[in-house]
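Please keep the sequence and the model in view while reading.

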Amino acid sequence: MKDDVMQALLEKARTLTEALPWIKRAWGRVAVIKYGGSAMTDPALRASVAEDIVLMKLVGVNPVVVHGGGPDVSMYMERLGMTVEFRDGLRVTDDAAMEVVKMVLVGKNNKELVSAINTHGRWAVGLSGDDARLIQARQLDAALGRVGQITAIDTTVVLNLIEDGFIPVVATVGVGDDGRSYNVNADTAASAIAVALDAEKVIFLTDVDGLYADFGDKDSLISALSLSEAVDSIASGRLSKGMVPKVTACVHALENGVERAHILNGTIPHALLLEVYTDAGVGTMITREGLAVSREPDRVMREDEVTCPNE
Ligand SMILES: Nc1ncnc2c1ncn2[C@@H]1O[C@H](COP(=O)(O)OP(=O)(O)OP(=O)(O)O)[C@@H](O)[C@H]1O
Ligand SMILES: [Mg+2]
């Protein structure tokens, strides 16, 4: 065999062995993956994300997908001649808008993601917060209509699906005690579900490379961040738009037992695999300790964290 061919093959083997400690670390644990509306509109990208999710499942992680779909909801509302209005980043959702939210998130976006995953086999099952009362909510503010605040997560149906080998895909519509549907923030829901499932990690796939110290400076991407630094960045007032709920969701997850939160660019093919299974990673990783926890898995793995059989 030619030297260069052999080198290329060895490189592939190296990639696989580099993944080994990461695979062991997360084996048998839950990873909640929040797929952002802004990153989920392109079918080719959706296919690549679906491939990564199935691969994760096959190497022993239990992915639970939680998705938004804001841009699509706005597009359909506009098509129907409805007014699209946001206040402090929250969509003003009257009863008619809630119907559109539900139709688009549950009927369209959820099923697109489920079908993309299921081109690889019988894996994904789509759910919304109404199913088995998975996401319970109440009205946040009468002025915002049917915008919901999460009151409880009932993980029963998700755990049953994981137990049976499926990948749950959750549209973030909440259900109230009044039986009505509420529009809940997908980042907040992903974090609440990760906490309720005692997930090892929560991953936010969005449309930027991660968290920037200064969003105007493309060289300021933060690779690793501690919980307290994340809290400071929210307080700094320098985050805008969707980054505030996202970093807040990361903080909530870490404060309640999730070990790692990642913010990644879902528009880069295979960002998920690169972040989760390589030493370098590609986005922003938030842990309680920050940089002190390097991206080298062996140094951060404690005996009691290893769930892989035969360890
Ligand atoms: N410091 C920052 N670093 C990175 N992104 C930032 C920062 N401050 C603000 N942003 C904005 O946050 C956006 C990501 O949040 P956004 O809510 O738009 O996407 P999403 O949550 O992935 O999608 P969706 O809300 O539809 O589910 C980026 O596109 C960027 O414009
Ligand atoms: Mg958002």
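Why does Asp-198 count as partly exposed? In this predicted model, Asp-198 counts as partly exposed because it has 13 C-beta neighbours inside 10 Å, whereas a buried residue would need 20 or more. Asp-198 is not a glycine, although its phi is positive, and a positive phi is also found at His-270, another residue other than glycine. The table sets out both residues.

| Residue | Phi | Loop | C-beta atoms within 10 Å |
|---|---|---|---|
| Asp-198 | about 55 degrees | between helix H6 (186-196) and strand E11 (201-206) | 13 |

Strand E1 (residues 30-35) is mostly covered, with six of its six residues buried. In a regular strand the side chains alternate between the two faces of the sheet. In E1, Val-30, Val-32 and Lys-34 point one way while Ala-31, Ile-33 and Tyr-35 point the other way, and all are buried. E1 pairs in the parallel sense with strand E2 (residues 62-67) over six bridges, where Val-30 stands opposite Asn-62. E1 also runs parallel to E11, to which five bridges join it, and Phe-204 of E11 is the bridge partner of Lys-34.

Ligand 1 is surrounded by 21 residues, of which the closest are Gly-36, Gly-37, Gly-68, Thr-206 and Gly-242. Helix H3 (70-79), H6 and helix H8 (243-255) are the elements that give two or more residues to this shell, and by class the shell holds nine nonpolar, eight polar and four charged residues.

Notes:
Residues are numbered from 1 along each chain as its sequence is written. Chains are lettered from A and ligands numbered from 1 in the order in which they are written. This is a predicted model: local features need pLDDT of at least 70, side-chain atom pairs count only at pLDDT 80 or more; totals for chains, interfaces and linings use all residues. Helices (H or I, at least four residues) and strands (E, at least two) are DSSP runs, numbered from the N terminus. A residue is buried if 20 or more other C-beta atoms lie within 10 Å of its own, exposed if 12 or fewer, and partly exposed in between; C-beta atoms are placed from the backbone. A residue is near a molecule or strand if its C-beta atom, placed from the backbone, lies within 6 Å of it. Ala, Val, Leu, Ile, Met, Phe, Trp, Tyr, Cys and Pro count as nonpolar, Asp, Glu, Lys and Arg as charged, and the others, Gly among them, as polar. Two strands pair if DSSP finds at least two bridges between them.
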